[in-house]
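Student: Could you take me on a close look at the metal site in this model, and then at what surrounds it?

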Amino acid sequence: MATNLKINGERLWDSLMEMAQIGATAKGGVCRLALTDLDREARDLFVKWCKDAGCTIRVDKMGNVFARRAGKDNSLAPVMTGSHIDSQPTGGKFDGAYGVLCGLEVIRSLNDMKYETLRPIEAIIWTNEEGSRFAPAMVASGVFAGVFDLDYGLGRADQDGKTMGDELKRIGYAGEDDVGGRPVHAFFEAHIEQGPILEVEKKKIGIVQGAQGQRWFEVTFIGQEAHAGPTPMRVRKDALVGTAHVIGAVNKIGLENAPFACATVGMINSSPNSRNVIPGKVFFTIDLRHPEDATLTKMAAAVKSACEEAAAANRLEVDFKEIWYSPPVKFDANCVAAVKKGAEELGFENLDIISGAGHDSVYMSRVAPTAMVFIPCEGGISHNEIENATKDDCRDGCDVLLRAMVERANAA
Ligand SMILES: [Zn+2]
C-alpha cells in the first residue's frame, strides 16, 4: 500500500461542522429527523459536495443516495461506504454524519492525490437509519439488503400518518433506481463507537468484528406459598430462593465467557410478594448476548441447567421458555483484515470490538462483505446533544477507512 495515502483532516472536520449547522440545537447537538426539510437540506449539501468532487449521483426508490467515483474498470462491482444523516430529536453532530462525510472525504482525497482505484467507489446516505420518525430503524438499508420489501419500506408512517413514500416525493428524493439487487464488492462504515470501551482502553480505532447475537428467556418457578413462621426450612418450596440461585448462576456464566458475553436477569416478579409469606411463584427474564453463536448456545444450555438444578434443589416446578433469538452478525474476514491493516500501517492503537448498537452495516452484511471502523466518543455518550469526538480521532478513523477501501477497491 502506498504509504502517502492520507485524507485531509481539516476539510473533514469543516464539513462535519458545516453539516451540523443544519438542524443545530442550542445545546450543540442536531435535530434532523428523517425526510424533513432539514434532511433535504443536508442531502442537498452532500449531493452538491459530491458533484463538485466529480461524482455521479443516483437515488433509489427508498431515497438512498449513491455518489459514485469512477474506477479503472467500471464494469466491476463497487466498494461502498456510508451511513446516515438523519438524527435523533436530541442527537449529536457525529452519529451517522461522520460516516457519510468520511465517504465524501475519501473521494475528495483520492481526487487530490489523483489516485485511481481499480473498482469504482460509492459514498452513500442511507435513509432513516435512526427509526426515530419512522419505525423501524435501518429500514432503507434493510430494503437494500432484502430484509424488508419496498412497499413495506415506503409505507412506514410517522405519528401524523405521513408515509416515507409521500415524504420522499415531497422533499424530492423519491429516486428511480431499484433498491439493491446489484453486486457490492465490499461495504465499509465509519462510526463513533457510541459506547465507552475505546476511551476506557485508551485505543484510537475499533476494528469491529460484528454485532452480538441475543437469546431472551422467560422463566417461571412454581413452589408453594406458606407461612414464613411455622414452615420449617427443610420442607419449603421457595420459588424466590430458586430464582436467587439462577441470578447468581447467570452472572457467573456472563463472567466465565468474558470479555464479550453479557448475561442479565433484568425483570423479576415474585408472588405474592408479601414479607411473611414464602414466595410460591416467581417469574423472571434472562437476556444473554454474545458475538459467537456457539458460545451463545453454550451459555443458553448452562442457564437452562442452572434453572433445572435450582428447581430440583428447592422442590420447584420450572417453566423455561426461549422467547427471542437474534443470531450474531459476523463481518467479512477480508474486510475486517483490511481495516486492521489500515490501522496497523498508520501505527494506531486498536482494539477488536463488537458493536452493541444496530447500524446499516448489520443489514448490509447480509448482501455484501462488510466491516466497520469505530472511533472513540467522549464518555461513550451518544444519542445526546453533548455527543463529542475529537478532530484527531475523526481524521484518523477516516484515514483507516481510506486504506481499507483502497485495498478492497484494488482487489480483482
Ligand atoms: Zn448511527
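**The zinc site and its surroundings**

Tutor: Happy to! In this predicted model, three protein donors hold the zinc ion at 2.0 to 2.2 Å: NE2 of His84, OD of Asp95 and NE2 of His191. Along the chain, these donors are spaced as H-x10-D-x95-H. His84 and Asp95 are 11 residues apart, and each sits in the loop between strand E3 (79–83) and helix H3 (97–112). How exposed or buried are these two? His84 counts as buried because its relative accessibility is 1%, under the 20% cut-off. Asp95 has 7% relative accessibility, so Asp95 counts as buried too.

Asp95 also leads us to the cavity. Asp95 is one of its lining residues, together with Ser87, Gln88, Gly91, Gly92, Glu130, His383 and Glu387. By class, that lining has five polar and three charged residues, and no nonpolar ones.

The model has 10 aromatic pairs. In one of them, the ring centres of Trp126 and Phe144 are 5.2 Å apart and the planes meet at 70 degrees, so the pair is edge-to-face. Trp126 lies in the loop between strand E4 (121–125) and helix H4 (139–144), while Phe144 belongs to helix H4.

How values were computed. Residues numbered from 1 in each chain as written. Predicted model: local features only at pLDDT ≥ 70, side-chain atom pairs only at ≥ 80, totals over all residues. Heavy atoms only, no water. 1 Å grid on protein atoms, 1.4 Å probe; cavity = no way out; pocket = protein on both sides within 12 Å on 5 of 7 lines; lining within 4 Å. Nonpolar A, V, L, I, M, F, W, Y, C, P; charged D, E, K, R; others polar. Donors = N, O, S within 2.8 Å, 3.2 Å for Na, K, Ca; no water. Helix = DSSP H or I, 4+ residues; strand = E, 2+ residues; numbered from the N terminus. Buried < 20%, exposed > 50% of the residue type's maximum accessible area, 1.4 Å probe, protein only. Phe/Tyr/Trp six-rings, centres within 6.5 Å; stacked < 30°, edge-to-face > 60°.
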